[in-house]
Amino acid sequence: MPPHDENEDPLTLGPSMNDWTMIKSAQSSAAAMEVPTKYCKTCNIWRPPRGHHCRICDNCIETQDHHCVWLNNCVGRRNYRYFFTFVTASTLLGLYLLGSSLAQIIVYMDQQNISFGEAIDHFRVPFAMVIYGVLATPYPAALMGYHLFLMGRGETTREYLNSHKFLKKDRHRPFTQGNLIKNWFVVLCRPRPPTYLNFKRKYEDGDQRLGEKKGKRTAPLKKEFQGTGGPAMEMQNVPAAERGFQGPSTLRAMTPRP
Ligand SMILES: [Zn+2]
Ligand SMILES: [Zn+2]
């Protein structure tokens, strides 16, 4: 943004804080869509599309789903699949607890040929677990169902709730892949990008800030970096251009040659 002019009227509105980013659509009905891109005054960055600032985390979060008060953390691009795994595992665990506790009472009841009440009297803790299972399972189960629904639509919780501000005909889903199964795959199986946190921290071996390490290293490390875990980036010498800096290739192509 251009710097502020000192002589300018102090009541003048600031520069635009809103821009538009073109998104290539996966659906054939729309080739591309524009989504707003905002400037974050706290983080001093232009947020990537689907990014939002979280007041509690005091950070911009890429593809922010929501700030989870139970985890005390944002759920966003890099941890959404773990959040979903957590919710799914909790649901399964709840169902398992319910089923196995109930089975224990019923099997005992059958074996001893006694009433359900008498079986409960013998197995009080499993019965307490049945009650606990009935009360505690619906919450993660509902969350799991909700997120299966959201993932299938290609939306985040935030985008879905926000879309309700608009009339039905004005709601758009620029990030959907067109069908439910594809949307699930895209959310749960896409590559996990490197973190932006502590970007300048010293490099450690296996560090994935600057890209994931996949398989064997193709280029051997330079001698001075061997055994040290390597430099922050595998930098290579770039041969100097013949006539110094020549500007971007598009500009170069446009300049008439003598
Ligand atoms: Zn921010
Ligand atoms: Zn947060």
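Student: Are His67 and Cys74 buried or exposed?

Tutor: Keep in mind that this is a predicted model. His67 is buried, and Cys74 is buried too.

Student: What do His67 and Cys74 coordinate?

Tutor: Together with Cys54 and Cys57, they coordinate the zinc ion (ligand 2), at 2.0 to 2.3 Å. Those distances fall within the 2.8 Å cut-off for donors. Along the chain the spacing reads C-x2-C-x9-H-x6-C.

Student: What makes the arrangement around the zinc ion (ligand 2) tetrahedral?

Tutor: Its four donor atoms subtend angles of 103 to 116°. The rule wants all angles between 85 and 135 degrees, so this site counts as tetrahedral.

Student: And why is the zinc ion (ligand 1) called tetrahedral?

Tutor: Its donors are Cys40 (SG), Cys43 (SG), His53 (ND1) and Cys60 (SG), at 1.9 to 2.3 Å. The angles there run from 104 to 123°, and those lie between 85 and 135 degrees, so the arrangement is tetrahedral.

Student: How do you know that Cys40 is buried?

Tutor: Cys40 has a relative accessible area of 2%. Buried means under 20%, so Cys40 qualifies. Cys43 has 24%, which lies between 20% and 50%, so Cys43 is partly exposed.

Student: Why does Leu71 count as partly exposed?

Tutor: Leu71 has 39% relative accessibility, between the 20% and 50% limits, so partly exposed is the label. Leu71 sits in the loop between β6 (66-68) and β7 (73-75). Leu71 also belongs to a nonpolar surface patch with Val69, Trp70, Phe86 and Tyr139, about 610 Å² of accessible area together.

Definitions and conventions:
Residues are numbered from 1 along each chain as its sequence is written. Chains are lettered from A and ligands numbered from 1 in the order in which they are written. This is a predicted model: local features need pLDDT of at least 70, side-chain atom pairs count only at pLDDT 80 or more; totals for chains, interfaces and linings use all residues. Side-chain values use heavy atoms; hydrogens and water are left out. Donors are N, O and S atoms within 2.8 Å of the metal (3.2 Å for Na, K and Ca); water is not among the atoms, so sites may look incomplete. Four donors count as tetrahedral if all angles lie between 85 and 135 degrees; four count as square planar and six as octahedral if opposite donors are over 155 degrees apart and all others between 65 and 115; anything else is irregular. Buried means under 20% relative accessible area, exposed over 50%, partly exposed in between (1.4 Å probe, protein chains only). Patches are made of residues with over 30% relative accessible area and no salt bridge: like charges are joined within 9 Å, nonpolar side chains (Val, Leu, Ile, Met, Phe, Trp, Tyr) within 5 Å. Accessible areas come from the Shrake-Rupley method with a 1.4 Å probe; for residues, only the protein chains shown count as cover. A salt bridge is a side-chain nitrogen of Lys or Arg within 4 Å of a carboxyl oxygen of Asp or Glu. Helices (H or I, at least four residues) and strands (E, at least two) are DSSP runs, numbered from the N terminus.
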